Amino acid sequence: MKKLLYLFMVLLTFASCKKEEELNFDDRPEVRMNQSIEEVNTILASSPNGWIATLPTAGGGGYGFYMTFDRANQVVQMAGDLTDESASKIAPSTYRVKANAGAELIFDTYNYISLLSDPNPSSFGGVTGTGLRSDVEFLFERSTADSLILTGKKYRQVLKMVKATAAQKTAYESAQYKTLIDKFKAFFVNNANPFIEVVSGTNTLKVTLTLNSTNSLNSGKRIDLTGVLADGTTIASANMKFAYTINGVSILGDGLIWNGIKFVRMAWKDANTLAIYDSTGKEYIVNNSTVPLVPLHLLFGSKYSGLRSEYKTIYPGTSAAGADILNYFHNGLIPAITGGFAFNYGRIDLDWNIVNKRFLINGRSSQSGPTETGGWVTTSSYTYTTDASGIYKFTQFSAPSGGYVSGPLSRFYTFILNNRVVFDYFSSGGVLYGRMTSVENPAIVMTFLLK
(Lines give C-alpha, C1' and ligand atoms only; values in the text may rest on other atoms or scores of the structure.)
Protein backbone atom coordinates (compact mmCIF):
# COMPACT_ATOMS: atom_id res chain seq x y z
CA MET A 1 0.00 0.00 0.00
CA LYS A 2 2.85 2.38 0.89
CA LYS A 3 4.49 1.58 -2.44
CA LEU A 4 1.28 2.45 -4.32
CA LEU A 5 0.93 5.69 -2.39
CA TYR A 6 4.56 6.60 -3.12
CA LEU A 7 4.10 5.88 -6.83
CA PHE A 8 0.97 8.03 -6.89
CA MET A 9 2.83 10.94 -5.28
CA VAL A 10 5.67 10.63 -7.81
CA LEU A 11 3.25 10.68 -10.75
CA LEU A 12 1.36 13.65 -9.29
CA THR A 13 4.59 15.58 -8.83
CA PHE A 14 5.69 14.75 -12.39
CA ALA A 15 2.36 15.89 -13.80
CA SER A 16 2.53 19.12 -11.83
CA CYS A 17 6.04 19.86 -13.10
CA LYS A 18 5.03 19.05 -16.66
CA LYS A 19 2.01 21.34 -16.40
CA GLU A 20 4.20 24.13 -15.06
CA GLU A 21 6.65 23.62 -17.94
CA GLU A 22 3.81 23.70 -20.46
CA LEU A 23 2.45 26.92 -18.94
CA ASN A 24 5.90 28.45 -19.02
CA PHE A 25 6.31 27.33 -22.64
CA ASP A 26 2.97 28.94 -23.51
CA ASP A 27 4.30 32.23 -22.22
CA ARG A 28 7.46 32.06 -24.28
CA PRO A 29 6.13 32.92 -27.76
CA GLU A 30 4.96 36.35 -26.57
CA VAL A 31 8.24 36.92 -24.76
CA ARG A 32 10.21 35.75 -27.76
CA MET A 33 8.14 37.99 -30.06
CA ASN A 34 8.81 41.06 -27.94
CA GLN A 35 12.48 40.17 -27.91
CA SER A 36 12.42 39.77 -31.70
CA ILE A 37 10.75 43.16 -32.18
CA GLU A 38 13.30 44.74 -29.88
CA GLU A 39 16.10 42.97 -31.75
CA VAL A 40 14.97 44.26 -35.16
CA ASN A 41 14.48 47.81 -33.88
CA THR A 42 17.95 47.70 -32.33
CA ILE A 43 19.56 46.27 -35.46
CA LEU A 44 17.93 48.86 -37.77
CA ALA A 45 19.30 51.69 -35.63
CA SER A 46 22.68 50.01 -35.03
CA SER A 47 24.36 51.15 -38.25
CA PRO A 48 25.45 54.79 -37.82
CA ASN A 49 26.19 55.03 -41.55
CA GLY A 50 22.95 53.46 -42.72
CA TRP A 51 22.26 50.41 -44.86
CA ILE A 52 22.82 49.45 -48.51
CA ALA A 53 19.81 47.40 -49.59
CA THR A 54 18.75 45.40 -52.65
CA LEU A 55 15.31 44.07 -53.55
CA PRO A 56 14.07 42.10 -56.57
CA THR A 57 10.41 42.42 -57.54
CA ALA A 58 8.20 39.47 -58.42
CA GLY A 59 6.91 41.11 -61.60
CA GLY A 60 9.71 43.41 -62.73
CA GLY A 61 13.44 43.84 -62.25
CA GLY A 62 15.62 44.51 -59.21
CA TYR A 63 16.26 47.73 -57.27
CA GLY A 64 18.84 49.21 -54.96
CA PHE A 65 18.31 51.46 -51.92
CA TYR A 66 20.16 53.35 -49.22
CA MET A 67 18.39 53.70 -45.82
CA THR A 68 19.04 55.12 -42.38
CA PHE A 69 16.67 54.49 -39.48
CA ASP A 70 15.85 56.92 -36.66
CA ARG A 71 14.39 54.71 -33.95
CA ALA A 72 13.26 57.51 -31.66
CA ASN A 73 11.07 59.12 -34.32
CA GLN A 74 10.43 55.99 -36.41
CA VAL A 75 11.68 57.80 -39.53
CA VAL A 76 13.60 56.21 -42.40
CA GLN A 77 15.66 58.31 -44.81
CA MET A 78 15.86 56.64 -48.23
CA ALA A 79 17.44 56.86 -51.68
CA GLY A 80 16.92 54.39 -54.53
CA ASP A 81 17.91 53.60 -58.11
CA LEU A 82 14.36 53.87 -59.48
CA THR A 83 14.59 57.36 -61.01
CA ASP A 84 17.06 60.22 -61.34
CA GLU A 85 15.32 61.97 -58.44
CA SER A 86 15.32 58.96 -56.14
CA ALA A 87 19.04 58.35 -56.84
CA SER A 88 20.03 61.92 -56.03
CA LYS A 89 17.56 62.93 -53.32
CA ILE A 90 17.30 61.22 -49.92
CA ALA A 91 13.70 61.47 -48.75
CA PRO A 92 12.06 60.73 -45.37
CA SER A 93 9.10 58.49 -44.57
CA THR A 94 7.98 56.54 -41.53
CA TYR A 95 8.32 52.92 -40.51
CA ARG A 96 7.40 50.63 -37.64
CA VAL A 97 8.20 47.14 -36.42
CA LYS A 98 5.33 45.02 -35.14
CA ALA A 99 4.41 41.43 -34.34
CA ASN A 100 2.62 39.50 -37.07
CA ALA A 101 3.69 35.85 -37.46
CA GLY A 102 7.16 37.14 -36.64
CA ALA A 103 8.77 40.55 -36.32
CA GLU A 104 7.68 42.64 -39.29
CA LEU A 105 9.23 45.81 -40.74
CA ILE A 106 6.54 48.01 -42.29
CA PHE A 107 7.14 51.10 -44.42
CA ASP A 108 3.85 52.73 -43.48
CA THR A 109 3.99 56.00 -45.42
CA TYR A 110 4.61 56.39 -49.14
CA ASN A 111 8.27 56.23 -50.15
CA TYR A 112 10.51 54.99 -52.96
CA ILE A 113 9.85 51.32 -52.13
CA SER A 114 6.12 52.04 -52.33
CA LEU A 115 6.54 52.95 -56.01
CA LEU A 116 7.30 49.32 -56.78
CA SER A 117 3.87 48.21 -55.57
CA ASP A 118 1.89 51.23 -56.75
CA PRO A 119 -1.28 49.85 -58.43
CA ASN A 120 -1.46 52.79 -60.84
CA PRO A 121 0.75 52.07 -63.92
CA SER A 122 1.18 55.80 -64.53
CA SER A 123 3.17 56.06 -61.28
CA PHE A 124 5.94 53.60 -62.13
CA GLY A 125 4.73 51.22 -64.82
CA GLY A 126 3.77 47.70 -63.86
CA VAL A 127 0.31 46.20 -64.03
CA THR A 128 -2.95 47.77 -62.92
CA GLY A 129 -3.70 46.67 -59.37
CA THR A 130 -0.34 45.06 -58.56
CA GLY A 131 2.39 47.30 -59.99
CA LEU A 132 5.68 45.37 -60.13
CA ARG A 133 4.41 42.90 -57.50
CA SER A 134 6.47 44.07 -54.56
CA ASP A 135 5.91 44.60 -50.83
CA VAL A 136 6.08 47.33 -48.19
CA GLU A 137 5.84 44.81 -45.34
CA PHE A 138 8.84 42.56 -44.66
CA LEU A 139 9.28 39.68 -42.22
CA PHE A 140 12.52 39.42 -40.27
CA GLU A 141 14.48 36.28 -41.21
CA ARG A 142 17.99 36.57 -39.75
CA SER A 143 20.91 38.88 -39.15
CA THR A 144 24.69 38.81 -38.91
CA ALA A 145 27.17 41.32 -37.56
CA ASP A 146 26.89 43.43 -40.71
CA SER A 147 23.73 42.33 -42.54
CA LEU A 148 19.99 41.92 -42.18
CA ILE A 149 17.73 39.65 -44.23
CA LEU A 150 13.97 40.18 -44.54
CA THR A 151 11.36 38.62 -46.83
CA GLY A 152 8.40 40.35 -48.47
CA LYS A 153 5.18 39.34 -46.73
CA LYS A 154 3.15 38.67 -49.89
CA TYR A 155 5.53 38.22 -52.81
CA ARG A 156 8.39 36.58 -50.83
CA GLN A 157 11.17 38.64 -52.41
CA VAL A 158 14.33 39.03 -50.30
CA LEU A 159 15.22 42.48 -48.97
CA LYS A 160 18.94 42.22 -48.20
CA MET A 161 20.55 44.99 -46.16
CA VAL A 162 24.27 45.46 -45.52
CA LYS A 163 25.80 48.07 -43.20
CA ALA A 164 27.30 51.02 -45.05
CA THR A 165 30.67 52.57 -44.30
CA ALA A 166 31.22 56.24 -43.53
CA ALA A 167 32.62 56.77 -47.04
CA GLN A 168 29.60 55.10 -48.61
CA LYS A 169 27.24 57.23 -46.53
CA THR A 170 29.00 60.37 -47.76
CA ALA A 171 28.75 59.16 -51.36
CA TYR A 172 25.00 58.58 -51.10
CA GLU A 173 24.39 61.88 -49.35
CA SER A 174 26.36 63.84 -51.96
CA ALA A 175 24.38 62.38 -54.92
CA GLN A 176 27.31 60.27 -56.15
CA TYR A 177 24.82 57.40 -56.49
CA LYS A 178 23.21 59.03 -59.52
CA THR A 179 26.64 59.87 -60.94
CA LEU A 180 27.66 56.20 -60.77
CA ILE A 181 24.40 55.03 -62.36
CA ASP A 182 24.80 57.57 -65.17
CA LYS A 183 28.33 56.31 -65.80
CA PHE A 184 27.11 52.73 -66.23
CA LYS A 185 24.33 53.84 -68.57
CA ALA A 186 26.76 55.91 -70.63
CA PHE A 187 29.10 52.94 -71.03
CA PHE A 188 26.38 50.83 -72.59
CA VAL A 189 25.25 53.71 -74.80
CA ASN A 190 28.78 54.31 -76.09
CA ASN A 191 29.60 50.61 -76.46
CA ALA A 192 26.90 49.08 -78.63
CA ASN A 193 28.21 45.50 -78.55
CA PRO A 194 29.82 44.82 -75.15
CA PHE A 195 31.20 41.35 -74.46
CA ILE A 196 33.43 39.35 -72.13
CA GLU A 197 35.77 36.47 -72.89
CA VAL A 198 35.19 33.16 -71.12
CA VAL A 199 37.63 30.25 -71.35
CA SER A 200 35.92 26.90 -71.99
CA GLY A 201 38.40 24.04 -72.31
CA THR A 202 40.77 25.00 -75.10
CA ASN A 203 38.37 27.61 -76.48
CA THR A 204 37.91 31.26 -75.62
CA LEU A 205 34.28 32.25 -76.05
CA LYS A 206 33.06 35.76 -76.69
CA VAL A 207 29.89 36.32 -74.67
CA THR A 208 27.63 39.31 -75.28
CA LEU A 209 26.74 41.28 -72.13
CA THR A 210 23.57 43.39 -72.06
CA LEU A 211 22.51 45.67 -69.22
CA ASN A 212 18.93 46.97 -69.44
CA SER A 213 18.62 49.88 -66.99
CA THR A 214 15.00 50.77 -67.78
CA ASN A 215 12.06 50.00 -65.50
CA SER A 216 10.28 47.96 -68.18
CA LEU A 217 8.14 45.26 -66.59
CA ASN A 218 9.38 42.39 -68.75
CA SER A 219 12.96 43.31 -69.53
CA GLY A 220 14.10 46.25 -67.39
CA LYS A 221 16.70 46.12 -64.60
CA ARG A 222 18.11 42.86 -65.94
CA ILE A 223 21.60 41.78 -66.96
CA ASP A 224 22.00 39.24 -69.75
CA LEU A 225 24.81 37.05 -71.10
CA THR A 226 24.49 35.34 -74.50
CA GLY A 227 27.09 33.48 -76.52
CA VAL A 228 27.83 30.61 -78.86
CA LEU A 229 29.34 27.61 -77.08
CA ALA A 230 32.49 25.74 -78.10
CA ASP A 231 30.60 23.54 -80.62
CA GLY A 232 30.08 26.65 -82.73
CA THR A 233 26.31 26.23 -83.03
CA THR A 234 24.70 26.01 -79.59
CA ILE A 235 23.58 29.35 -78.21
CA ALA A 236 23.53 29.73 -74.42
CA SER A 237 21.72 32.62 -72.80
CA ALA A 238 20.93 33.57 -69.21
CA ASN A 239 19.68 36.67 -67.45
CA MET A 240 19.06 37.86 -63.91
CA LYS A 241 17.68 40.95 -62.14
CA PHE A 242 20.17 43.48 -60.83
CA ALA A 243 20.32 46.54 -58.62
CA TYR A 244 22.67 49.52 -58.57
CA THR A 245 24.58 50.18 -55.36
CA ILE A 246 27.20 52.83 -54.67
CA ASN A 247 29.82 50.13 -55.46
CA GLY A 248 28.41 49.17 -58.88
CA VAL A 249 25.96 46.51 -60.01
CA SER A 250 24.80 43.77 -57.65
CA ILE A 251 23.36 40.72 -59.42
CA LEU A 252 20.44 39.46 -57.35
CA GLY A 253 19.03 36.06 -56.46
CA ASP A 254 21.53 33.26 -56.81
CA GLY A 255 23.59 35.20 -59.33
CA LEU A 256 23.67 34.99 -63.12
CA ILE A 257 24.77 31.49 -64.14
CA TRP A 258 26.14 31.14 -67.66
CA ASN A 259 27.73 27.88 -68.83
CA GLY A 260 28.33 26.85 -65.21
CA ILE A 261 29.87 30.15 -64.09
CA LYS A 262 28.06 32.21 -61.46
CA PHE A 263 28.45 35.95 -61.97
CA VAL A 264 27.59 38.06 -58.91
CA ARG A 265 28.57 41.69 -59.48
CA MET A 266 29.91 44.30 -61.88
CA ALA A 267 32.15 47.23 -60.99
CA TRP A 268 34.71 49.66 -62.36
CA LYS A 269 38.22 48.22 -62.20
CA ASP A 270 39.56 51.72 -62.78
CA ALA A 271 38.13 54.98 -64.09
CA ASN A 272 37.59 53.63 -67.60
CA THR A 273 37.64 49.83 -67.30
CA LEU A 274 34.45 47.92 -66.50
CA ALA A 275 34.56 44.34 -65.24
CA ILE A 276 32.16 41.62 -64.16
CA TYR A 277 33.12 39.20 -61.36
CA ASP A 278 32.14 35.62 -60.68
CA SER A 279 31.49 34.03 -57.28
CA THR A 280 35.18 33.09 -56.90
CA GLY A 281 36.27 36.69 -57.43
CA LYS A 282 37.58 36.09 -60.96
CA GLU A 283 37.55 39.17 -63.13
CA TYR A 284 36.23 39.43 -66.71
CA ILE A 285 36.91 42.71 -68.51
CA VAL A 286 33.99 44.11 -70.55
CA ASN A 287 35.15 44.90 -74.08
CA ASN A 288 33.29 46.20 -77.12
CA SER A 289 32.85 44.63 -80.55
CA THR A 290 32.38 46.68 -83.70
CA VAL A 291 29.52 44.36 -84.77
CA PRO A 292 26.96 42.23 -82.89
CA LEU A 293 28.45 38.85 -82.01
CA VAL A 294 25.25 36.81 -82.45
CA PRO A 295 22.78 37.77 -85.22
CA LEU A 296 19.36 38.59 -83.81
CA HIS A 297 17.43 36.15 -86.00
CA LEU A 298 19.35 33.23 -84.45
CA LEU A 299 18.06 34.16 -81.00
CA PHE A 300 14.33 34.06 -81.69
CA GLY A 301 12.78 31.15 -79.83
CA SER A 302 15.84 30.74 -77.58
CA LYS A 303 16.97 33.95 -75.92
CA TYR A 304 14.02 35.98 -77.15
CA SER A 305 10.45 34.76 -77.50
CA GLY A 306 9.67 37.63 -79.82
CA LEU A 307 9.08 41.37 -80.15
CA ARG A 308 6.59 43.82 -78.67
CA SER A 309 5.12 47.16 -79.69
CA GLU A 310 3.74 48.63 -76.45
CA TYR A 311 0.64 50.84 -76.34
CA LYS A 312 1.11 54.12 -78.22
CA THR A 313 4.90 53.83 -78.07
CA ILE A 314 7.11 54.35 -81.11
CA TYR A 315 10.64 53.29 -80.25
CA PRO A 316 13.88 54.91 -81.46
CA GLY A 317 15.03 53.66 -84.85
CA THR A 318 11.53 53.48 -86.33
CA SER A 319 11.16 55.29 -89.66
CA ALA A 320 8.22 57.55 -90.53
CA ALA A 321 6.79 54.85 -92.82
CA GLY A 322 7.14 52.25 -90.09
CA ALA A 323 5.50 54.54 -87.53
CA ASP A 324 2.51 54.95 -89.86
CA ILE A 325 1.92 51.18 -89.80
CA LEU A 326 2.28 50.88 -86.03
CA ASN A 327 0.23 53.97 -85.25
CA TYR A 328 -2.65 52.72 -87.37
CA PHE A 329 -2.98 50.06 -84.68
CA HIS A 330 -2.23 52.19 -81.61
CA ASN A 331 -4.48 55.06 -82.67
CA GLY A 332 -7.06 52.77 -84.23
CA LEU A 333 -8.50 51.20 -81.08
CA ILE A 334 -11.70 53.14 -81.74
CA PRO A 335 -15.19 52.05 -82.85
CA ALA A 336 -14.74 53.26 -86.41
CA ILE A 337 -11.84 50.82 -86.98
CA THR A 338 -12.51 47.99 -84.51
CA GLY A 339 -16.11 47.48 -85.63
CA GLY A 340 -17.90 49.31 -82.85
CA PHE A 341 -15.69 49.02 -79.77
CA ALA A 342 -13.40 51.45 -77.95
CA PHE A 343 -10.30 50.33 -76.03
CA ASN A 344 -7.96 52.20 -73.68
CA TYR A 345 -5.04 49.81 -74.09
CA GLY A 346 -3.56 47.59 -76.76
CA ARG A 347 -0.24 46.16 -77.91
CA ILE A 348 1.28 44.07 -80.71
CA ASP A 349 3.24 40.92 -79.87
CA LEU A 350 5.27 39.09 -82.51
CA ASP A 351 6.06 35.58 -81.31
CA TRP A 352 8.16 32.75 -82.73
CA ASN A 353 7.44 29.03 -82.48
CA ILE A 354 10.67 27.61 -83.87
CA VAL A 355 9.64 23.98 -83.33
CA ASN A 356 6.73 24.27 -85.77
CA LYS A 357 8.29 27.18 -87.68
CA ARG A 358 5.38 29.46 -86.98
CA PHE A 359 5.30 33.23 -86.61
CA LEU A 360 2.36 34.68 -84.65
CA ILE A 361 0.94 38.18 -84.66
CA ASN A 362 -1.04 38.73 -81.46
CA GLY A 363 -2.97 41.95 -81.04
CA ARG A 364 -4.15 42.48 -77.48
CA SER A 365 -6.86 44.98 -76.54
CA SER A 366 -8.36 45.95 -73.21
CA GLN A 367 -11.00 48.26 -71.78
CA SER A 368 -9.39 48.27 -68.33
CA GLY A 369 -5.86 49.49 -69.03
CA PRO A 370 -2.58 47.49 -69.21
CA THR A 371 -3.02 43.78 -68.61
CA GLU A 372 -1.00 40.62 -69.04
CA THR A 373 -3.90 38.17 -69.02
CA GLY A 374 -7.14 40.14 -69.36
CA GLY A 375 -8.75 41.74 -72.39
CA TRP A 376 -8.96 40.11 -75.81
CA VAL A 377 -6.40 38.79 -78.29
CA THR A 378 -6.62 38.64 -82.06
CA THR A 379 -4.23 35.99 -83.43
CA SER A 380 -2.97 35.22 -86.92
CA SER A 381 -0.20 32.76 -87.77
CA TYR A 382 2.33 32.42 -90.59
CA THR A 383 4.84 29.93 -91.87
CA TYR A 384 8.20 31.33 -92.85
CA THR A 385 11.43 30.66 -94.67
CA THR A 386 14.77 32.25 -93.89
CA ASP A 387 18.05 32.15 -95.74
CA ALA A 388 21.64 32.24 -94.51
CA SER A 389 21.52 36.05 -94.44
CA GLY A 390 18.51 36.03 -92.14
CA ILE A 391 16.00 37.26 -94.73
CA TYR A 392 12.45 36.15 -93.81
CA LYS A 393 9.53 35.48 -96.11
CA PHE A 394 6.12 34.93 -94.45
CA THR A 395 3.09 33.04 -95.77
CA GLN A 396 -0.25 33.13 -94.00
CA PHE A 397 -1.14 29.89 -92.23
CA SER A 398 -4.29 31.00 -90.41
CA ALA A 399 -6.34 34.17 -90.84
CA PRO A 400 -6.86 36.60 -87.95
CA SER A 401 -9.33 35.26 -85.40
CA GLY A 402 -10.65 36.19 -81.97
CA GLY A 403 -10.58 39.57 -80.31
CA TYR A 404 -11.49 42.87 -81.93
CA VAL A 405 -8.36 44.37 -83.48
CA SER A 406 -8.00 42.78 -86.91
CA GLY A 407 -9.00 46.18 -88.32
CA PRO A 408 -6.31 48.20 -86.51
CA LEU A 409 -3.77 45.49 -87.46
CA SER A 410 -4.73 45.40 -91.14
CA ARG A 411 -1.81 47.53 -92.34
CA PHE A 412 0.64 45.35 -90.41
CA TYR A 413 -0.87 42.20 -91.96
CA THR A 414 -0.45 43.74 -95.42
CA PHE A 415 3.16 44.64 -94.70
CA ILE A 416 4.07 41.12 -93.50
CA LEU A 417 2.55 39.40 -96.53
CA ASN A 418 4.04 41.77 -99.12
CA ASN A 419 7.57 42.28 -97.79
CA ARG A 420 10.57 40.16 -97.08
CA VAL A 421 12.21 41.43 -93.90
CA VAL A 422 15.45 41.31 -91.96
CA PHE A 423 15.86 41.67 -88.20
CA ASP A 424 18.75 43.34 -86.44
CA TYR A 425 19.57 45.18 -83.23
CA PHE A 426 19.11 48.83 -82.51
CA SER A 427 20.61 50.47 -79.42
CA SER A 428 19.45 53.78 -77.96
CA GLY A 429 19.84 55.26 -74.50
CA GLY A 430 21.40 52.09 -73.15
CA VAL A 431 18.44 49.97 -74.29
CA LEU A 432 18.76 47.21 -76.89
CA TYR A 433 15.80 46.88 -79.26
CA GLY A 434 14.87 44.56 -82.11
CA ARG A 435 14.46 46.20 -85.52
CA MET A 436 12.54 44.95 -88.57
CA THR A 437 13.40 46.36 -92.02
CA SER A 438 11.76 45.69 -95.37
CA VAL A 439 14.02 44.27 -98.08
CA GLU A 440 11.78 45.54 -100.87
CA ASN A 441 11.32 48.98 -99.31
CA PRO A 442 14.15 49.83 -96.87
CA ALA A 443 12.32 53.02 -95.90
CA ILE A 444 9.95 50.90 -93.83
CA VAL A 445 11.65 50.27 -90.49
CA MET A 446 9.93 49.28 -87.23
CA THR A 447 11.64 48.97 -83.86
CA PHE A 448 10.29 46.82 -81.01
CA LEU A 449 11.01 45.78 -77.46
CA LEU A 450 12.85 42.47 -77.24
CA LYS A 451 10.91 39.92 -75.17
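I take helices (H or I, at least four residues) and strands (E, at least two) as DSSP runs, numbered from the N terminus. With that I looked up Lys154, which sits in the loop between strand S7 (147–152) and strand S8 (158–163).

The model is predicted, so local features need pLDDT of at least 70 and side-chain atom pairs count only at pLDDT 80 or more, while totals for chains, interfaces and linings use all residues. Residues are numbered from 1 along each chain as its sequence is written, and side-chain values use heavy atoms, with hydrogens and water left out.

**Entry 1: Lys154**

I checked accessibility next. Buried means under 20% relative accessible area, exposed over 50%, and partly exposed in between (1.4 Å probe, protein chains only). Lys154 counts as exposed because its relative accessibility is 60%. I also took a C-alpha to C-alpha distance: Lys154 and Phe138 are 8.7 Å apart in space and 16 residues apart in sequence.

**Entry 2: the barrel**

I traced the strand order S19-S20-S21-S22-S23-S24-S25-S26. These eight strands form a closed barrel with antiparallel pairing. Two strands pair if DSSP finds at least two bridges between them. On average, neighbouring strands of this sheet are turned by 40° against each other, direction ignored. For such angles, axes are lines fitted to C-alpha atoms, for helices over the stretch in contact, and the angles run from 0 to 180 degrees between N-to-C directions.

I then looked at one pairing. S19 and strand S20 (residues 345–353) are antiparallel and share four bridges. Helix H9 (residues 410–418) packs on the sheet.

**Entry 3: Ser309**

I stayed on S19. Ser309 belongs to this strand, which covers residues 306–309. Is Ser309 buried or exposed? Ser309 counts as buried, because its relative accessibility is 0%.

Which side chain makes a polar contact with that of Ser309? The partner is His330, at 2.8 Å. A polar contact is a pair of N or O atoms within 3.5 Å; within protein, one must be able to donate a hydrogen and the other to accept it, and residues adjacent in sequence count only if both atoms are side-chain atoms.

I listed the wider contacts too, where contact means heavy atoms within 4.5 Å. Leaving aside neighbours within four places in sequence, Ser309 is in contact with Tyr315, Leu326, His330, Arg347, Ile348 and Phe448.

**Entry 4: nonpolar cores**

A nonpolar core is a set of buried Ala, Val, Leu, Ile, Met, Phe, Trp, Tyr and Cys residues joined through side-chain atoms within 4.5 Å. The largest one has 37 residues, and Ile196, Phe263 and Met266 touch the most other members. Helix H6 (residues 176–190) gives the most to this core, six residues. A second, separate core has 35 residues, including Tyr304, Tyr413, Met436 and Leu450.

Beyond four places in sequence, its contacts include Ile196, Leu225, Trp258 and Tyr284.

Then I went through the strands around S15 (residues 261–268). Strand S13 (residues 248–251) runs antiparallel to S15, joined by two bridges. Val249 has Met266 in S15 as its bridge partner. Strand S14 (residues 256–258) also runs antiparallel to S15, with three bridges. Here Leu256 is bridged to Phe263. The hairpin of S14 and S15 has two residues between the strands, and Asn259 takes a positive phi near 50°.

On to strand S16 (residues 274–278): S15 pairs with S16 in the antiparallel sense over five bridges. In S16, Asp278 is the bridge partner of Phe263. The hairpin of S15 and S16 has five residues between them.

**Entry 5: aromatic pairs**

Rings of Phe, Tyr and Trp (its six-membered ring) pair if their centres lie within 6.5 Å; planes under 30 degrees apart count as stacked, over 60 as edge-to-face and the rest as tilted. I found 29 aromatic pairs in the structure. Phe187 and Phe188 are edge-to-face, 5.2 Å centre to centre with 75° between the planes. Both Phe187 and Phe188 are buried.

Phe300 and Phe423 are edge-to-face as well, at 5.3 Å centre to centre and 80° between the planes. Why does this pair tie together parts that are 123 residues apart in sequence? Phe300 lies in the loop between strand S18 (287–288) and S19, whereas Phe423 lies in strand S24. Phe300 is buried at a relative accessible area of 3%, and Phe423 is buried at 7%. Ring pairs also link Phe300 and Phe423 into a cluster with Trp352, Phe359, Tyr382, Tyr384, Tyr392 and Phe394.
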